[in-house]
Amino acid sequence: MANELVLLDFLPSPFGMRVRVALAEKGVKYEYRDEYLRNKSEFLLKMNPVHKKIPVLVHNNKPVSESLIIVEYIDEVWNQNSPLLPSDPYQRAVSRFWVDFVDKKMYETGKRVWTTKGADEEAAKKEFIEHIKLLEQQLGDKPYFGGDTFGYVDVTLIPFYSWFYTYETLGNFSIGESCPKIIEWDKRCMEREPVKKSLPEEKVYEFALMIKEAYGIE
Ligand code: GS8
């Protein structure tokens, strides 16, 4: 079977980065298409008519949407190497719990850090650090959330690292001061070639500044 693979994505998106990291970890080649989200392509609208969002992985003309569903799909289809989800059902459930936590908390809280001011911004920074501390507890002394191997929680969380500079600079606070362990984990992940090549930090900061200007956020 031909394996025609197209990823509809947007460079600064932490959701898209999850898919890029998962594909890179598996060593799967694909065609990358950057979408202009203010003027989405007909192809994106056709492939994700419900949410009209990136990322969408189009595999042999069949779309898979929602980053976490895509990462699980990748792990099932390219199952010969670098397993991302644990084989044990209980460990798989635990991974999915933390992936769900990251998905529900990190993006929204992080966004509040750089798009709000005053009491809202302070509350967001406090919450953000609290979330990371919970994640640090879950990491414990393991090198990765997946244990000795880089896994599903790692794939889901690492894209936020490329947003840390933006959160810290625009929010004027230090994540590493309160959470040194997560920074050690981040650096460990970044030593992995598939991770490093999938996370564009400068593009994220440029994008955040552009959004702030476009929406008149101080
Ligand atoms: C979120 C994707 C998303 O928000 C997932 O894939 O995990 N739950 C989904 N994509 C954004 C870009 S990143 O901020 C998007 O495509 N937005 C376009 C729009 O809202 O019109």
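Predicted model: local features only at pLDDT ≥ 70, side-chain atom pairs only at ≥ 80, totals over all residues.
1. Helices here are DSSP runs (H or I, at least four residues) numbered from the N terminus.

2. The contact (heavy atoms within 4.5 Å) involves, on α7, Tyr-161, Ser-162, Trp-163, Tyr-165, Thr-166, Thr-169 and Leu-170, and on α11, Glu-201, Val-204, Tyr-205, Phe-207, Ala-208, Leu-209 and Lys-212. By class, 9 of these residues are nonpolar, 3 polar and 2 charged, where Ala, Val, Leu, Ile, Met, Phe, Trp, Tyr, Cys and Pro count as nonpolar, Asp, Glu, Lys and Arg as charged, and the others, Gly among them, as polar.

3. The disulfide count is 0, a disulfide being a pair of cysteine sulfur atoms within 2.5 Å. Cys-179 is in no disulfide, and the nearest cysteine sulfur, that of Cys-189, is 15 Å away, which is too far for a bond.

4. Cys-179 is buried at 0% relative accessibility, and Cys-189 is likewise buried, with a relative accessible area of 0%; buried means under 20% relative accessible area (1.4 Å probe, protein chains only).

5. Residues are numbered from 1 along each chain as its sequence is written, and side-chain values use heavy atoms, leaving out hydrogens and water. Local features need pLDDT of at least 70 and side-chain atom pairs count only at pLDDT 80 or more, whereas totals for chains, interfaces and linings use all residues.

Terms used: Buried < 20%, exposed > 50% of the residue type's maximum accessible area, 1.4 Å probe, protein only. Helix = DSSP H or I, 4+ residues; strand = E, 2+ residues; numbered from the N terminus.
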